[in-house]
Amino acid sequence: MAFRSFMHIALEEARAAADRGEVPVGAVVVSPAGEVVARAGNRTRELSDPTAHAEILAMRAACRAIGSERLVNHDLFVSLEPCPMCASAISQTRIARLYYGASDPKSGGVAQGPRVFSHPQSHHVPEVYDGLAAQECEDLLKRFFEARRG
């Protein structure tokens, strides 16, 4: 099967998060058949929940949708490099492939910081592909934070 990016949907979720006053991060879980199982944007402020990152919310919804605590052979598209908490959850859910847009030198947990998937206690390591629509993802984040500092 040919590669098909779902980053445009992650970006839609990120823009919706920004419209709600949340940090603009979006995530999409895609089934092995190439169907969107779940999608989400950050909701930490709205839900008063520090774990309500886009990735966590999308993976929770996908697990409920398929009736399993694991997302074996599923893909995850995220507009920003996952933080250490999300990277650990990605490993726990057994996501097969992680695609992300912008890197996160400040809070990332995949290629930056603790590099969760490189740790010996990471029992599952997904294939990781970075830089998908990176400029668009970065620009969205920059505009959001510039407007806040205004």
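Strands here are DSSP runs of type E with at least two residues, helices are DSSP runs of type H or I with at least four residues, and both are numbered from the N terminus. Two strands count as paired if DSSP finds at least two bridges between them.

Before I continue, a word on the source. This is a predicted model, in which local features need pLDDT of at least 70 and side-chain atom pairs count only at pLDDT 80 or more, while totals for chains, interfaces and linings use all residues. Residues are numbered from 1 along each chain as its sequence is written, and side-chain values use heavy atoms, with hydrogens and water left out.

Let me turn to the overall architecture. The chain contains five helices and five strands, and from the N terminus on its elements run α-β-β-α-α-β-α-β-β-α. The C-alpha trace spans about 45 × 35 × 30 Å along its principal axes. A compact globule of 150 residues would have a radius of gyration near 15 Å, and the 14 Å of this chain agrees with that; the radius is taken over C-alpha atoms, and the globule rule is 2.2 Å times the number of residues to the power 0.38. Of the 150 residues in the chain, 48% are buried, where buried means under 20% relative accessible area, exposed means over 50%, and partly exposed lies in between, with a 1.4 Å probe and protein chains only. Among contacts between residues at least 6 apart in sequence, 58% join residues at least 24 apart; a contact means heavy atoms within 4.5 Å.

Next, the pairing of individual strands. E1 and E2 are antiparallel and share five bridges, and valine 29 has alanine 38 in E2 as its bridge partner. These two strands form a hairpin with five residues between them, and glycine 34 in the turn has a positive phi of about 85°. E1 also pairs with strand E3 (residues 75–80), in the antiparallel sense over four bridges. There, aspartate 75 in E3 is the bridge partner of valine 30.

I come now to the charged pairs. Side chains of opposite charge can pair when their charged atoms come close. A salt bridge here is a side-chain nitrogen of Lys or Arg within 4 Å of a carboxyl oxygen of Asp or Glu. How many salt bridges does a search of the whole structure find? It finds six.

One of them joins glutamate 12 and arginine 39, whose closest N and O atoms are 2.7 Å apart. This pair links distant parts of the chain, since glutamate 12 belongs to helix H1 (residues 7–19) and arginine 39 to strand E2 (residues 36–41), 27 residues apart. Glutamate 12 is partly exposed at 39% relative accessible area, and arginine 39 is partly exposed at 38%. Glu12 and Arg39 also belong, with Glu13, to a network of salt bridges.

Glutamate 46 takes part in a salt bridge with arginine 20, the closest N and O atoms being 3.5 Å apart. That pair, too, links distant parts of the chain: glutamate 46 is in helix H2 (residues 44–47), and arginine 20 is in the loop between H1 and strand E1 (26–30), 26 residues apart. Glutamate 46 also meets arginine 43 in a salt bridge, at 2.4 Å from N to O. Are these residues buried, exposed or partly exposed? Glutamate 46 is partly exposed at 45% relative accessibility, arginine 20 is partly exposed at 31%, and arginine 43 is partly exposed at 26%.

Finally, methionine 85. This residue is found in helix H4 (residues 84–93) and is partly exposed, at 32% relative accessibility. Which residues does methionine 85 contact, leaving aside its neighbours within four places in sequence? They are Pro50, Thr51, His53 and Ile56.
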